[in-house]
Structures are given as structure tokens and as C-alpha cells.
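Dear colleague,

Please find below the structure that I am handing over to you, with its sequence.

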Amino acid sequence: MLITLALTLLVCSVTAKEKDGALPRLNDTKAVEAFIDSAEVTVIGFLESEESQGYKELVAAMKRVDSVPAAICTVKEVWADYGLSSDTISLFRKADDHQENLVLAEAKKIEAEGLVYFITINEVRYITEYNQVTAVGLFNSEVKSHLLLFANRGSKEYTELKKLLGALAPDFTGKFLFVLINGAVKSNFKSLNYFGLKSKDLPQVGIYDGNSDMKWLLPEGEISTERVQEFCQSFLRGELKEVKQAGEQPKTEL
């Protein structure tokens, strides 16, 4: 009877926590490291307790951004390992090995809507679909070289190529951000035009170097793992700077 009662109370306690949307606690550096390594993008609230300002807002925000796992760490000795000294909400991402910090004491206002925006603009993945929101995180990254896949969503190549490049992206962590540009969306036509492309020309793979504002397209042929790897390596070796840029108009005499 006592065992049954204890189990009932335990189940009720867990259920109550799930209903409250309580975030899991990380109590040491190993737990934090394992959590960060568990997904491409993670969020951790380095907060003194569940009563701290920002906790309820974080819980509410994570219900709206369910693609990103979140947790809380209240152990200040662990905070120091991540360069933190006060309540901070940090986003960790593997694509460019980056930690983006939102120091709550420096925030003008803490609300769920603002945290959702903070997370979504910084949600850069191994392959990130380009839009007005993700553009912020992409161009704010310290990694300025982008490997671009131009493809029309719904086409037979779209899913296959996205999977192919997504598998290749981890090999170029810290060197390239892999970006998917849906050529079927009107708002992306400007990006296509920049490379001298139209929707009917897709799929295509290109490289954009933000440091030099230069761009190139993978030469015609099959888009394979081997060819894309060599394309990336050619850029890293500095060989593409001698190659004609994409969308470059030939000079003509007047």
C-alpha cells in the first residue's frame, strides 16, 4: 500500500512538472557539455533559480520554439567555464562553434516574445534555410564564407541535395556556413539575380565570401559530395580568386 502511494505521488510530481513546462537542470560542467552536444542548437538559462527574472519568460518562449532544446543551470561555478558571471541566457550552436549570450542585466526588457526573437535569429544550423530572420544570425556570424544551395522547394532534387549538403557541413565547421536558398520564393529572387540565376536554372551550388564580397558557382555537372568538397577546398586554397565570378557580365567596348 505504501509503495503504491509513493509511486502515485512520484507520477503526480513528474506530471505536474511537465504541465508547468519546467526546464531540466544541469548541475555540473559535464552535464552542460553533454546537453550542448545533444543537438545542433541548444539554449541554456544560466540563472540563480526558477524564481529568477527571465525563467518564466524562457519557459514560455521554448514552448513556441520547440525545435530547440533548453535547460537551466543554477551552479555558478559552472557559469565561469562559459565566461559568465551573472544571469544569462545562452544559445549554443555547432555550425560555427558559437556561444551567443543574452545578459539579462543588460536587456532593456525581458519578455517571451523577445526571447523567441533572440533564439530564432541565432538559430544557425549545419544547413540553414535563408530568410529575413535567419539572415541576421548568418551575417552576424564570425564565419563569413557561405556554401549556398539554390534549389526550388518541391522539386525532386530539393530534399536529396539538402540531405547531401547537411551531411557534409560538419566537415567544414568554422570555415563555411551552409545555406539553403529556396528559389521558388519571390523574396529570394534578389539572391538568385546576384549570382546571375533564375528559378529555371536550379539546382545550383555557389560560394559567397563576405570578406571579399566575391561569389562563384560550382561548374556545370553533377552536384555530388566529392565535387562540392573539392569546390570548398578550392576556395580555402585561394584558387577561386583566379576564377571568373558568378553573375559577372563580360566587358564590351562602347
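The notes below set out what was found, from the chain as a whole to single residues.

This is a predicted model, in which local features need pLDDT of at least 70 and side-chain atom pairs count only at pLDDT 80 or more, while totals for chains, interfaces and linings use all residues. Residues are numbered from 1 along each chain as its sequence is written, and side-chain values use heavy atoms, with hydrogens and water left out.

Overall composition

The protein chain contains 9 helices and 9 strands; these are DSSP runs numbered from the N terminus, helices being H or I of at least four residues and strands being E of at least two. Of its 254 residues, 44% count as buried, where buried means under 20% relative accessible area, exposed means over 50% and partly exposed lies in between, with a 1.4 Å probe and protein chains only. Among contacts (heavy atoms within 4.5 Å) in the protein chain with a separation of 6 or more, 68% are between residues 24 or more positions apart.

The structure holds 0 disulfides, a disulfide being a pair of cysteine sulfur atoms within 2.5 Å. Cys 73 counts as buried because its relative accessibility is 0%. Cys 232 is likewise buried, at 0% relative accessibility.

The four-stranded sheet

An open sheet of 4 strands has the order E2-E1-E3-E4, with mixed pairing; two strands pair if DSSP finds at least two bridges between them. Its edge strands are E2 (70–73) and E4 (98–103), each of which pairs on one side only. From one strand to the next the twist averages 20°; angles here run from 0 to 180 degrees between N-to-C directions, and axes are lines fitted to C-alpha atoms, for helices over the stretch in contact. Strand E1 (residues 41–46) is joined to E2 in the parallel sense over 4 bridges, and Ile 44 stands opposite Ala 71 in E2.

The five-stranded sheet

A further open sheet, of 5 strands, runs in the order E5-E7-E6-E8-E9, again with mixed pairing. E5 and E9 stand at the edges with a single partner strand each, so one side of each is left without a neighbour in the sheet. Neighbouring strands of this sheet are turned by 25° against each other on average, direction ignored.

Strand E8 (residues 204–209) is largely enclosed by the rest of the structure, because 6 of its 6 residues are buried. The burial extends to both faces, with Gln 204, Gly 206 and Tyr 208 on one side and Val 205, Ile 207 and Asp 209 on the other. E8 runs antiparallel to strand E6 (residues 145–151), to which 6 bridges join it; Leu 149 stands opposite Val 205 in E8. E8 is also antiparallel to strand E9 (residues 214–217), with 4 bridges between them. Ile 207 stands opposite Trp 216 in E9, and the bridge partner of Asp 209 in E9 is Met 214. The hairpin of E8 and E9 has 4 residues between the strands, and Asp 213 there takes a positive phi near 55°.

H9 lies across E6, E8 and E9 and runs at about 20° to E8.

Which helix does H7 approach, and at what crossing angle? The axes of H7 and helix H9 (residues 225–236) come within 11 Å and cross at roughly 50°. The two helices are therefore oblique to each other; angles under 35 degrees count as roughly parallel, over 145 as roughly antiparallel, 65 to 115 as roughly perpendicular and the rest as oblique. Leu 164, Leu 165 and Leu 168 of H7 make the contact with Thr 225, Val 228 and Gln 229 of H9.

Leu 164 belongs to helix H7 (residues 156–168). Its C-alpha atom and that of Val 228, 64 residues apart along the chain, are separated by 9.8 Å. Leaving aside neighbours within four places in sequence, Leu 164 is in contact with Ile 223, Ser 224 and Thr 225.

A buried loop residue

Asn 122 lies in the loop between helix H5 (112–121) and strand E5 (127–129). Asn 122 counts as buried, at 6% relative accessibility. Beyond its neighbours within four places in sequence, Asn 122 is in contact with Leu 91, Arg 93 and Glu 100.

Yours sincerely
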